[in-house]
Amino acid sequence: MAGLEFKDIRKSYGNVEVIKGVDLSIEHGEFVVFVGPSGCGKSTLLRMIAGLEDITDGDLFIGDKRVNTVQPRDRGVAMVFQSYALYPHMTVYDNVGFGLRLNKTPKDERDAKIREAARILQMENLLDRRPAQLSGGQRQRVAIGRAIVRNPDVFLFDEPLSNLDAALRGSMRMEISKLHQQLDATMIYVTHDQVEAMTLADKIVVLNAGVVQQIGSPLELYNYPANLFVAGFIGSPQMNLLPVTVEAVDERTVTVASSDVPSTRIPVASARGIRGGDSITLGLRPHLLAHSEVGGITGKVLLVEHLGNETIANFALNSGEQLVAALPGSAELSNGVTLSLGFDVADARLFGTDGTAIPVADRPFR
Ligand SMILES: Nc1ncnc2c1ncn2[C@@H]1O[C@H](COP(=O)(O)OP(=O)(O)O)[C@@H](O)[C@H]1O
Ligand SMILES: [Mg+2]
């Protein structure tokens, strides 16, 4: 039974700071995903929770205990690595039970725990095999089994599915989700893959260069990205981010235009700090663009991808900017055709001169 609390957590290697003051609360039982590009500090943060890296500054609590100087084995956490880290000469049974053996868990109890983990992970038939006789997905399941038998309060996963092929990643994702529902444990999961983050998380923490960019539910991040980084990182195909100029502002609307975008009045919750003439960014999700007869953004089709359920079309705009639209699967488009695309102003997102989102007028998504 443990939540976690991060208070201004920092990490430096020599005089290079790689985690720059993280504040975060995680509730007991939550599934939290740290997501961000390679090198942003995800593993470092996870390893500090596990006790595998010293915390340079700040306070880390697991439950109500400050754990900065607590030994890894006494933190109630278990970690699953991308590289599985199995012993090649041991059977699955012995790999799963290795930690229990080390801490001298009685044989009967050990056996019961190993079999229970094998049951949960549906690998009872694999217990006598060695790692070399397993597929990648099965090996990762053994690594997860080894974490389960320790009965931790907090599971830590560091890119556990990155070595698997796409189909297997999808099915393992579902298994990890099921595991979370069964075990009533807190799970913290690190990935660079935004789709994995969106599908698994109750709460996503987006990191860039050691700084938290935004914390929220998958839909909150998708619908209300806090800045240009999150806007570009979450969602596939990416949000279109077009440079526009502010033509007019009042308290609750900002009117923008460019050589690509006809003058458009966009409702906002507050236009504080925005001035006429500012160069800002208009964010439009590809799925929220639709063919319109007149008055939209005009572009020439560069490339069409017919996926069946939808058609992804890349457009070149007048200014040379590109735009991606996800249109219905039935859309018949060919290269070189000129088309006008419209959008609902309520779906448009604006980012100010410093890249921070201008508050959205209505927020139906939580
Ligand atoms: N032992 C180390 N010594 C020096 N720099 C390190 C060390 N480990 C990680 N780093 C640096 O810290 C940053 C964050 O690394 P990491 O947490 O592994 O990123 P991620 O897991 O998000 O890819 C990177 O810039 C990396 O080069
Ligand atoms: Mg990493």
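Q: Is L183 buried, partly exposed or exposed?
A: This is a predicted model, in which local features need pLDDT of at least 70, side-chain atom pairs count only at pLDDT 80 or more, and totals for chains, interfaces and linings use all residues. Residues are numbered from 1 along each chain as its sequence is written, while chains are lettered from A and ligands numbered from 1 in the order in which they are written. A residue counts as buried with 20 or more other C-beta atoms, placed from the backbone, within 10 Å of its own, as exposed with 12 or fewer, and as partly exposed in between. Because L183 has 15 other C-beta atoms within 10 Å, L183 is partly exposed.

Q: What distance separates the C-alpha atoms of L183 and I120?
A: L183 lies in helix 5 (residues 166-183), a helix being a DSSP run (H or I) of at least four residues, numbered from the N terminus. L183 and I120 are 63 residues apart along the chain, and their C-alpha atoms are separated by 9.7 Å.

Q: How far apart are the centres of domain 1 and domain 2?
A: The domain assignment gives domain 1 (4-232) and domain 2 (233-351), with bounds that come from an automatic or database assignment. Taken over C-alpha atoms, the centres are separated by 38 Å.

Q: Which element gives the most to the side of domain 1 that touches domain 2?
A: The contact, which requires C-beta atoms within 7 Å, takes twelve residues from domain 1 and eleven residues from domain 2. On the domain 1 side, helix 6 (194-200), helix 7 (218-223) and helix 8 (228-233) each give two or more residues. With five residues, the element that gives the most is helix 8.

Note on methods. Two residues are in contact if their C-beta atoms, placed from the backbone, lie within 7 Å.
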